[in-house]
Every structure is written in structure tokens, then in C-alpha cells.
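The sequence and structure come next.

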Amino acid sequence: MDTRQRIENLRKRIGVIGGGIAGASAAYHLLKADNSLDIILVEAEDQLGYHTTGRSAALLLENDGTQSTRSIVKASVDFLLNPPEGLTENVFVIPRDVMHIATVEQSASVDRLLEENSSGRIPTKEISKSEAKKRFPALREEGLDRVVVDEGAGDIDVHCLHQAYLNYFRKNGGKIKTSTRIDSATKSGNSWSLETKTEEISVDVIVNAAGAWGDQVASRAGVEPIGLQPKRRTAFTVNSNEPDLQEWGMIADIDLRFYCKPDGKQLLCSLAEENPSEPCDAKHDEADVALAIERINAATTLDIRSVQTAWTGLRTFAPDRSMVIGSDSDDHSFFWCVGQGGTGIMTSPGVGRLLADLLTEGKPSEHFEKTGLKHKDVSPDRFRKK
Ligand SMILES: Cc1cc2nc3c(=O)[nH]c(=O)nc-3n(C[C@H](O)[C@H](O)[C@H](O)COP(=O)(O)OP(=O)(O)OC[C@H]3O[C@@H](n4cnc5c(N)ncnc54)[C@H](O)[C@@H]3O)c2cc1C
């Protein structure tokens, strides 16, 4: 983006489509970058965070995802662990070890993970079975062969983080409209008309943070879709009587066939499945819950028999599983902020910051220098014909 385009963006009205964590963080970081920007955040549902953001497992796991995702996590960790002054009175992250457990047949996966995660801020390391059992006392030792642990991991207070972005945004003049679905967007001259059932909202720049609906929003604005694929993932909670449950770590099958972690006085469990779906209000399938219980009961002594609540959310991926952040080469006033997949909560500070840098400065700021992020790896340009 050239300097003229950048300066034009700074004078413009910005419409952020989507009030999940991506839209909220983008809106926050844009106002942080320049509090004179005129920004409206528009959400289809009556509740912000109703879709994937409200359905996550809330984990911070630095050693996860593609190289560019890991760089964006690196750019996010400090914000999550040491929030900017005045943003919140709470903590965003509580530490929790993540143990990847393997049977003898899965030994190659252990070696692969150790190799893949050897250069992280806190590399994944192997621990003994008895050490693993101390950290997750319900682990069955029979059948268990090897365990590796990520000690830099933690639970994110998603509600608190999401609200912190939104509160700052509101307090600094940002406008929020809920129950307002953008049905289409039409460009006329230098501005966009965002069309809803009842009104037209005029903006100059669109930030597409519509999650699973990202391609739909683009198509309806006349912008070529990326090929985003929403994928279902089911989670559920079960009760536990363990008095010191909060001290336990999380266990995850090394090939991600299930995971299970403390969540308040309950355990949050998942089949960790990735089944393609249309964008929708996803509902859970009892068979996915039953299969997860079968696998967790085989690996632990939890003896799960009943479920408190179950839900399914859509984790949305670009074809190469890296995020899509930046302006579209066909129309520089259309910004993508999608493809967060299974890491959208933990990467939200970095994603919002990157989006704001690109929109206001035309390039990633110094903040990203030490993270190893190459913007081309997350730019929408990589999906456009050269
Ligand atoms: C079971 C599960 C476990 C997960 N675990 C983790 C984890 O441990 N750690 C982690 O970091 N991430 C995790 N994730 C992923 C994370 O939840 C997502 O990456 C993140 O929430 C995506 O946020 P988003 O804002 O892009 O999408 P969403 O929260 O879905 O927000 C998009 C919003 O756009 C709105 N919208 C769509 N179309 C329109 C329109 N036309 N007009 C107006 N509004 C529109 C939608 O209503 C929606 O509210 C998990 C996800 C699931 C399902």
C-alpha cells in the first residue's frame, strides 16, 4: 500500500464486520493506533462473541500451528501475560501445563513434536510417566508410553479479554451495532455502503472479521473469496469431585484424538475433531461426545458417565492453515482479518496489532521484528494470481 493510500485510510470511516475476538481486537488496536479514527463494529447476532469466540477451549499454547501462527502468538504473549496498564483489573492468563500423551504406537509422533517444538520460547520437553501422573493424577499408566509437556501454556479468560477490547473501544468513541447483519456491500466512488435489512451504513474501509462467514462477506462485497473452510470442533464439560482439580494440567492425545483439562470445578473435554461445515450456528452431535468419552475413559480413571454441557464451534482455516490478514490487492479498502483456525483467542493481540499496523502504516511495525513474522505468509496476496 502506498503512502497516499495509507493517509487516506487514516482519514476514513472504518467498518469492522464481526464482533468476535478478531473484530474486537482489530477495533481496539485501530483506536489504540489512532484515537481519531471513526470506527463502527457491526455484529449480526444480538450478543458479541456468540459464535466461535464463545465456544473455545481458551488455551494459550505457544508451540502450535504454522510458523506464521507461532510468530503471531509470540507477538501476543506479552500482551496476554502483562496487559497494558488500565486495560483490565484481572489477569488474562492462568498457567497450565499441557501434556501430550502417547502409546507405544505413537512414539514417532512424540519425536516429531519434540523436533517441531525445539525452538519455541519454552521448548516442549519429555517427562516421565510418574511425573505426568503427578500433574494429572487420573492418568492411566497402563498403555501409556511417553509424555511430553508444554510448560509455557495457560488458560485464557476469554470473556475478560474480549470485554477488555470492547470496553476500551466503547470508552474511546468506538460505535458498536449488534443484531445487524451486513447482507451486502457496494462500492461507490471511494466509499462502501454496508447494506442491512433496515439501513445502509456508509464507510470507507471494510475490515472483514466475520470468522466462518469471511468468504461470504467478501463475495457479497464483490471481492474474490479466499477458499476459507470452517471446521467443526465439539467440546463438553463434566463434573468432578477432585478437590485440587485446578492444580491439574491438561492432557491431550499426541495425535489430537481427544483432550481434557480443568475448567473451574469441571473438566472441559473435546474430541478435537475437524469436520468441514458450512458457516452456521453449529450444534453438537452426540456421537462425537460419546467417542470423546470413550477415548478419555480409556486413557484415564475419570470414568466419565454424564455430561453437563456440550457445544460445537467452527474453527475456520485458509487452504494453507495460516491466517489471512491485510488488504485485498483488488481493492485496498477491503481488509481481511480471518482464518484464525484454532488459535484465534491466543493470537488476538498480535492479529489486531498487525491489522492496525497494516491499515495505518502500510506495514508491520517493529513489534513484529523479533517474532520472525513475514507478512507475505499471512497476506491475502498469496491466494491471488500473480
Ligand atoms: C472447541 C473449540 C476450541 C478452541 N480452542 C481454542 C484455544 O484453546 N485457543 C485459541 O486461541 N483458540 C481456540 N479456538 C479457536 C477460536 O475460538 C477462534 O479462532 C476464534 O474465536 C475466532 O474468532 P473470530 O472473531 O474470527 O470468529 P467469531 O467469534 O465466529 O466471530 C465472527 C463474528 O462475525 C459475525 N458475522 C458473520 N457474518 C456477519 C455479517 N454478515 N454481518 C455482521 N456480522 C457477521 C458472526 O456473527 C460472528 O459473531 C477454539 C475453537 C473451538 C470451536
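## Contacts of Ile 14

Leaving aside residues up to four places away in sequence, Ile 14 is in contact (heavy atoms within 4.5 Å) with Leu 30, Leu 37, Asp 38, Ile 39, Ile 40, Val 203, Val 205, Val 207 and Leu 359.

The model is predicted: local features need pLDDT of at least 70, side-chain atom pairs count only at pLDDT 80 or more, and totals for chains, interfaces and linings use all residues. Residues are numbered from 1 along each chain as its sequence is written, and side-chain values use heavy atoms, without hydrogens and water.

## Nonpolar cores

A nonpolar core is a set of buried (under 20% relative accessible area, 1.4 Å probe, protein chains only) Ala, Val, Leu, Ile, Met, Phe, Trp, Tyr and Cys residues joined through side-chain atoms within 4.5 Å. The largest has 62 residues, of which Ile 14, Leu 30, Leu 161, Val 207 and Leu 355 touch the most other members. Helix H2 (residues 21–33; helices are DSSP runs of H or I, at least four residues) supplies the largest share, eight residues.

This core lies between domain 1 (3–85 + 157–228 + 320–383) and domain 2 (97–152 + 229–317), because both give residues to it; the bounds come from an automatic or database domain assignment. Another core, of 27 residues, lies apart from it and includes Ile 127, Trp 248, Ile 251 and Ala 310.

Strands (DSSP runs of E, at least two residues) S10, S11 and S12 form an open antiparallel sheet in the order S10-S11-S12. S10 (184–188) and S12 (200–203) are the edge strands, each with a single partner, so one side of each lacks a neighbour in the sheet.

Pairing requires at least two DSSP bridges; S10 and S11 (residues 191–195) have five, in the antiparallel sense. Ser 188 stands opposite Ser 191 in S11.

Note on methods
Buried means under 20% relative accessible area, exposed over 50%, partly exposed in between (1.4 Å probe, protein chains only).
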